Amino acid sequence: MRAVTKTVLGLGIAGTGVLGWASLVERNAFVLRRYDVPVLPDGAAPLRVLHLSDLHLLPRQRAKRAWVHSLASLDPDLVITTGDNIAADDAVPALLDAYELLLGIPGAFVLGSNDYFAPTLKNPLRYLTRHHARGVGTTPRLPTADLVRGLRSQGWVDLTNRRRCLSVRGQRIEFVGVDDPHLDYDRLDLVRGPASPDADVTLGITHAPYQRVLDAYAADGAGLIIAGHTHGGQVCVPGYGALVTNCDLDTSRVKGLSRWWPGAGSTPSSQAPEGAAWLEVSAGLGTAPTAPVRLACRPEATLLTLVPRSQG
Ligand SMILES: [Fe+2]
C-alpha cells in the first residue's frame with residue numbers, strides 16, 4: 001500500500017512540475033528560427049522576411065511585447081503576420097506598441113479566428129481534439145476593425161481574400177492571401193489564378209494551413225506558402241513531437257519548413273516532385289489565455305532568408 005501511495009505521490013509531483021514548466025517557463029522561452037528558402041531568380045539579392053504569428057497578446061504580457069519589439073534589430077526587408085494577434089478587447093494598443101518599429105517596414109498580413117472572436121474558457125485538452133472551438137456565433141467579438149486600421153497605418157498590406165504586389169528592395173513580390181480557413185472564411189474563388197510572370201516570387205499567405213488552401217496556392221505557382229495557427233502542436237511529447245495540428249495538415253508539417261504540392265496530403269516532403277512549393281508553418285508566439293501551456297514546443301518567430309533557386 002505504501003508503494004502505491006509513493007507512486008501516486010511521485011506522479012502528482014512530476015505532473016505538477018511539468019505543468020509548472022509548461023505554463024511558467026517554456027511558454028515564455030521565445031526563440032527565433034532561421035531558414036534559407038531558395039525561391040528567387042538567379043542573381044537576385046537575398047531578401048529577409050520576418051514571420052510572426054499567433055501572439056494571442058494580452059496587454060499584461062510585457063516580456064512578449066518586449067521580445068517582439070526587439071525583433072526590429074534584425075532589420076528585415078519584409079514582415080509577414082499570419083493572424084491570431086490579440087486575445088482581449090483592450091489588446092490592440094499593446095499589439096501596435098509591440099509592432100511599433102516593424103510597422104515602418106514593408107509588410108503584409110492576414111487574420112486568424114482569434115482576431116475576430118474573444119477566447120472562451122474551455123478544457124485546455126480540447127486543443128488536442130479535432131473539434132477545437134472555432135467561436136463563430138458563440139463568443140464576443142474583438143475590435144477587428146481597430147486592429148486592421150492599426151496594421152495598415154503605415155502601409156502593411158491587408159491580404160484578407162486579396163491578391164497584391166509589392167516592390168521590396170527592387171524585387172517584385174506577389175502576395176495571395178485568404179481570410180481564415182479555420183472559420184471557412186477563405187474565398188479562394190476571389191484570389192485564384194496563375195502566378196504573375198512579372199513577379200520574382202509569389203507568396204501564398206494563410207492563417208490556418210488547410211490542405212484546400214495549400215493545394216490551390218501550390219497549383220497556381222506560389223514559390224513559398226506561409227502559415228501559422230497550429231501552435232506547433234502546442235503540447236507536444238518530448239522526443240516524439242506534435243499530436244495534432246488543429247487542422248487537416250499532417251503532423252510532420254506542423255511547424256518549420258517543408259514542401260507542398262497539389263494533393264500532397266500526408267506524403268512526406270522527401271517525396272516532393274520537382275517544382276513543389278515550400279511551406280513554412282510557424283509554431284507562433286502565444287497560446288489562448290484559456291490554455292496557457294506549451295510543452296516541447298517553444299514560442300517562436302521566424303526569419304526566412306529568400307535566396308536564388310540555384311542555391312537550393
Ligand atoms: Fe493561434
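The model is a predicted one, in which local features need pLDDT of at least 70 and side-chain atom pairs count only at pLDDT 80 or more, while totals for chains, interfaces and linings use all residues. Residues are numbered from 1 along each chain as its sequence is written, and side-chain values use heavy atoms, with hydrogens and water left out.

**The sheet as a whole**

- The six strands form an open sheet in the order E6-E7-E8-E9-E11-E10, and the pairing is mixed; strands (E, at least two residues) and helices (H or I, at least four) are DSSP runs numbered from the N terminus.
- Strand E6 (163-168) and E10 are the edge strands, each with a single partner, so one side of each has no neighbour in the sheet.
- From one strand to the next, the twist averages 25°.
- Helix H6 packs on this sheet and touches E7, E8, E9, E10 and E11, where contact means heavy atoms within 4.5 Å.
- The direction of H6 makes about 65° with that of E10; axes are lines fitted to C-alpha atoms, for helices over the stretch in contact, and angles run from 0 to 180 degrees between N-to-C directions.

**E9 and its neighbours**

- In strand E9 (residues 224-227), Leu224 and Ile226 point one way and Ile225 and Ala227 the other, and all are buried; buried means under 20% relative accessible area, exposed over 50% and partly exposed in between (1.4 Å probe, protein chains only).
- Strand E8 (residues 201-205) runs parallel to E9, joined to E9 by three bridges, and Leu203 stands opposite Leu224.
- Between E8 and E9 the chain passes through helix H6 (residues 211-219), giving a right-handed β-α-β crossover; right-handed means that, with the strands pointing away from the viewer, the path from the first strand over the helix to the second runs clockwise.
- E9 also pairs with strand E11 (residues 277-281), in the parallel sense over four bridges. Here Ile226 stands opposite Glu280, and Ile225 has Leu279 as its bridge partner.

- Strand E10 (residues 256-260) pairs with E11 in the antiparallel sense over five bridges, with Ser258 and Leu279 as bridge partners.

**The iron site**

- Asp54 (OD), His56 (NE2), Asp84 (OD) and His231 (NE2) coordinate the iron ion at 2.0 to 2.2 Å. Donors are N, O and S atoms within 2.8 Å of the metal (3.2 Å for Na, K and Ca), and water is not among the atoms, so sites may look incomplete.
- The four donor atoms subtend angles of 89 to 170°, which makes the arrangement irregular. Four donors count as tetrahedral if all angles lie between 85 and 135 degrees; four count as square planar and six as octahedral if opposite donors are over 155 degrees apart and all others between 65 and 115; anything else is irregular.
- The sequence spacing of the donor residues is D-x1-H-x27-D-x146-H.
- Asp54, in the loop between strand E2 (47-52) and helix H2 (62-70), and His231, in the loop between E9 and E10, are 177 residues apart and link distant parts of the chain. Both Asp54 and His231 are buried.

Methods. Pairing = 2+ DSSP bridges.
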